[in-house]
Amino acid sequence: MITRPYTLLTLTLALLVSLSGCGGGGKSSTTDPGPTTPEPQPDTTPASFSFTATTGAALNSVTTSNTITVSGINTATTVSVVNGQYAIDNGSFTNAEGTINNGQTLQVQVTNSANYQTTTTATVTIGGVSASYSATTMAEPIQGVAIDVNPNIRHSVGGVDSFDRRKFITIHASNTENDWFGGNAASLGFANESDDLITEFLEGYDVYLGRDTGGISWHLSQTQEDPAKPGFADEANMTSRGNDTKGWYTVNPSEIAIKQRQHEHRNTDMIIGSQQHPFWPDGKLTGQGWALSQTDTEAEPFGTATGHYMANFLAKFYKQSESDPNGQPKPLYVEVMNEPLYELVDAATNPTTPEKVFHFHNTVADEIRKLNDDVLIGGYTVAFPDFDSNNFERWENRDKAFIDIAGEKMDFISIHLYDFPNFQNTQRYRKGSNVEATFDMLDHYTTLTLGAPLPLIVSEYGAPDHALFKAPWTPYRDGLKLKALNSLLMSMLERPDTLLKTIPFIPVKAEWGRDGVPYNDRLMRQKFEAEGETGNEWVYTDLVKFYQLWADVNGTRVDSYAADMDILVDSYVDGSTLYVILNNLEFNDETLTLTDLGLNNNSFVSGTMRHLHTVDGNPVLSESALANIPTNLTIGGEATIVLALNFENDIAISETSEETKYYATTYKQAITANTDISFAINNATLGDQGEAILRLGIGRDHGLSLQPSVSVNGVNVEVPSDYRGYDQFHNGTGRPNFYGVIEIPVPYSALQTSNTVVVNFPDSTGFVTTAALQVFNTSTSITRPMQ
């Protein structure tokens with residue numbers, strides 16, 4: 001048996017003897033290599049890596065990932081892929097297992113699904129570390145215009161988020177008008193077909209009363225002159241007559257009076273206003289044979305007598321408070337005068353000046369406030385707010401001048417908005433981009449001069465057809481008005497924070513306007529006026545379809561969006577009902593696609609679709625029941641659809657979209673070719689996410705560019721070629737020039753608290769009239785459908 005320790009010891013001793021004999025002193029004659037570095041151990045585990053997912057990929061195509069660089073290994077390492085291919089250093093793609101070295105690059109490829117919105121995923125493994133790359137195919141292309149509605153997102157505008165029928169669903173009438181009960185024609189034996197028209201209409205269609213410019217004039221015709229102060233109403237006489245009027249309104253036992261009182265809750269925010277004659281002091285006699293004072297001195301400014309009468313009328317002919325036992329509700333709004341400049345300046349034999357009319361407004365307002373601190377006063381109730389007329393001379397000489405002279409004493413600006421579908425062989429529409437520019441101009445300038453937008457009242461809107469003036473009633477003419485009413489209303493609904501009240505110009509019967517034939521605009525007609533009908537009874541014209549269309553719309557405004565500027569959309573949630581209102585500014589039919597409402601956990605129960613459109617030019621209101629939520633629908637040219645969708649449970653509104661407009665520190669900037677126009681828009685409040693639109697008002701001749709280059713805080717933004725409504729040129733039969741707003745989407749990430757907007761046109765002349773940022777701060781991210 002061999003003992004291993006003994007052998008090792010013997011060898012060691014022998015080696016020591018040998019080394020000692022070769023050099024002495026124990027030192028080798030060769031260099032000592034010292035300690036050696038061990039060989040590195042192989043490392044095949046790379047640092048983690050990842051791929052960016054692809055969305056919107058084409059069907060049946062190949063999609064390639066971003067490039068990653070391998071790191072953290074020191075030797076060739078295995079690489080493999082499942083459900084795809086890979087390529088190293090831009091080489092050929094393969095699905096076979098291979099090797100990869102540190103510093104080399106790698107990409108992944110997948111073959112996309114043949115189905116829409118389907119995800120394909122490949123997984124790559126390098127040295128035991130894996131990462132996935134996914135590609136999701138595009139959404140199914142939308143046929144027609146995409147409509148996006150998010151019922152779970154409350155949409156507030158300047159803090160207002162509800163549909164206010166008292167503000168928007170109104171009629172140009174009061175509860176005391178005789179026309180509700182037969183009126184002048186009743187004495188001739190012509191009665192209403194309805195036994196209770198006022199109740200049927202106001203309560204049945206949930207309509208509120210709007211405006212009365214006749215009552216204040218009639219009472220002036222009955223008022224005596226102050227014997228001690230010529231040209232002024234006798235206050236004692238007005239007190240007596242006011243008490244009689246209030247008392248009789250309250251105690252009158254007639255059936256008509258009872259009905260009037262029954263519906264007074266629908267006229268609690270009425271508008272009253274004066275007419276030119278005899279309220280403008282020019283010597284025109286009242287019914288009692290005297291004229292309002294024309295004195296114009298420092299002690300008695302021109303219009304003092306008019307304001308004195310209006311103040312006493314408001315203070316003595318209406319209920320003054322809840323404790324006042326008598327009288328009808330006091331009007332909330334007072335228009336100093338209805339459309340004064342047309343008769344007093346434009347069509348007058350001896351015209352006055354706009355400036356005198358505007359100072360008259362101040363004087364009247366001062367007098368009214370001496371006795372009434374509970375009414376709001378405004379003007380100048382412009383008939384034709386054509387700001388762009390004569391290269392904006394009208395704006396400078398009239399509307400801007402009114403704000404400069406009277407703005408501080410006005411509680412609101414009052415305007416009238418009319419489409420002109422046939423005016424001297426032209427079609428001059430306000431609906432669409434023009435009405436947006438009109439509103440923005442007023443809001444922007446009053447913000448600059450008064451610190452905030454001065455509230456607006458639209459006390460008349462509609463559409464006269466000049467080719468059919470003084471013509472017999474026709475449903476075609478009503479159809480033109482209905483198209484305008486709905487399109488203009490949709491724009492006004494976007495401004496619930498600055499609009500105090502809007503009134504379609506629809507009187508009840510307007511017998512005061514009969515001139516050989518009945519007045520054009522009216523809710524009622526006699527039966528014989530329609531082809532194929534006989535009888536003198538009063539029945540509805542087709543204008544009632546406006547109220548039938550909007551009859552039950554109510555609730556909280558929720559987020560909605562249309563992918564085409566010419567489709568206006570608005571939506572409201574009322575308990576378990578979702579209302580979706582769609583309006584088509586195009587002259588032709590359009591196909592719409594309603595995207596997923598996001599209410600899969602709340603079952604659809606039933607619904608209706610009302611479609612107000614025209615057939616052969618005549619208005620038709622069709623109504624159909626819905627067994628399912630419609631995905632695709634067709635809307636007629638210049639038509640409106642109201643969808644009422646009923647769900648099993650109340651619709652939960654858990655998110656918010658808060659809209660605010662911010663106006664630039666300057667406005668109305670002249671356009672010079674290839675020259676920057678810079679706007680500062682400051683003090684914007686921003687959240688974590690949202691949306692934004694840059695609104696540019698533009699006024700220039702037809703044929704000039706409406707697509708400037710635009711940047712926001714140095715970020716270039718794409719300017720759409722489309723805008724609301726028609727192109728205003730209309731093959732030479734439209735408006736004299738373009739005046740409208742173009743709406744430009746802006747990335748929310750580009751916004752700052754203080755913003756710089758730079759606009760540059762390739763050609764000269766015209767103006768950028770307004771610049772505003774419309775900001776939507778949302779509590780959740782919103783993805784809009786692609787068109």
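Q774 is buried, with a relative accessible area of 5%; buried here means under 20% relative accessible area, with a 1.4 Å probe and protein chains only. This is a predicted model, in which local features need pLDDT of at least 70 and side-chain atom pairs count only at pLDDT 80 or more, while totals for chains, interfaces and linings use all residues. Residues are numbered from 1 along each chain as its sequence is written, and side-chain values use heavy atoms, with hydrogens and water left out.

You will find Q774 in strand β40, residues 767–778. Helices (H or I, at least four residues) and strands (E, at least two) are DSSP runs, numbered from the N terminus. The side chains of Q774 and E659 are joined by a polar contact of 2.8 Å. Such a contact is a pair of N or O atoms within 3.5 Å; within protein, one must be able to donate a hydrogen and the other to accept it, and residues adjacent in sequence count only if both atoms are side-chain atoms. Setting aside neighbours within four places in sequence, Q774 is in contact (heavy atoms within 4.5 Å) with E659, T660, K661, E691, A692, I693 and R695.

Now turn to strand β17, residues 412–418, where seven of seven residues are buried. On one side sit F412, S414, H416 and Y418, on the other I413, I415 and L417, and both faces are covered. β17 pairs with β16 in the parallel sense over four bridges; strands pair if DSSP finds at least two bridges between them. Opposite F412 in β17 stands G378.

A cavity is a set of points on a 1 Å grid over the protein atoms alone where a 1.4 Å probe fits but cannot get out, and its lining residues have an atom within 4 Å of a point. Grid points are joined across faces, edges and corners, and a volume is the space filled by probe spheres set on the points. α10 (340–346), β16 (376–382) and α12 (389–406) each supply at least two residues of its lining, and α10 gives the most, with four. Among the lining residues are Y342, D346, Y380 and R394.

The second largest cavity has about 60 Å³ of space. Its lining includes G479, K483, H613 and E638, and α14 gives the most, with four residues.

How values were computed
On a 1 Å grid over the protein atoms alone, a cavity is a set of points where a 1.4 Å probe fits but cannot get out, and a pocket is an open set with protein on both sides within 12 Å along at least five of seven lines; lining residues have an atom within 4 Å of a point. Buried means under 20% relative accessible area, exposed over 50%, partly exposed in between (1.4 Å probe, protein chains only).
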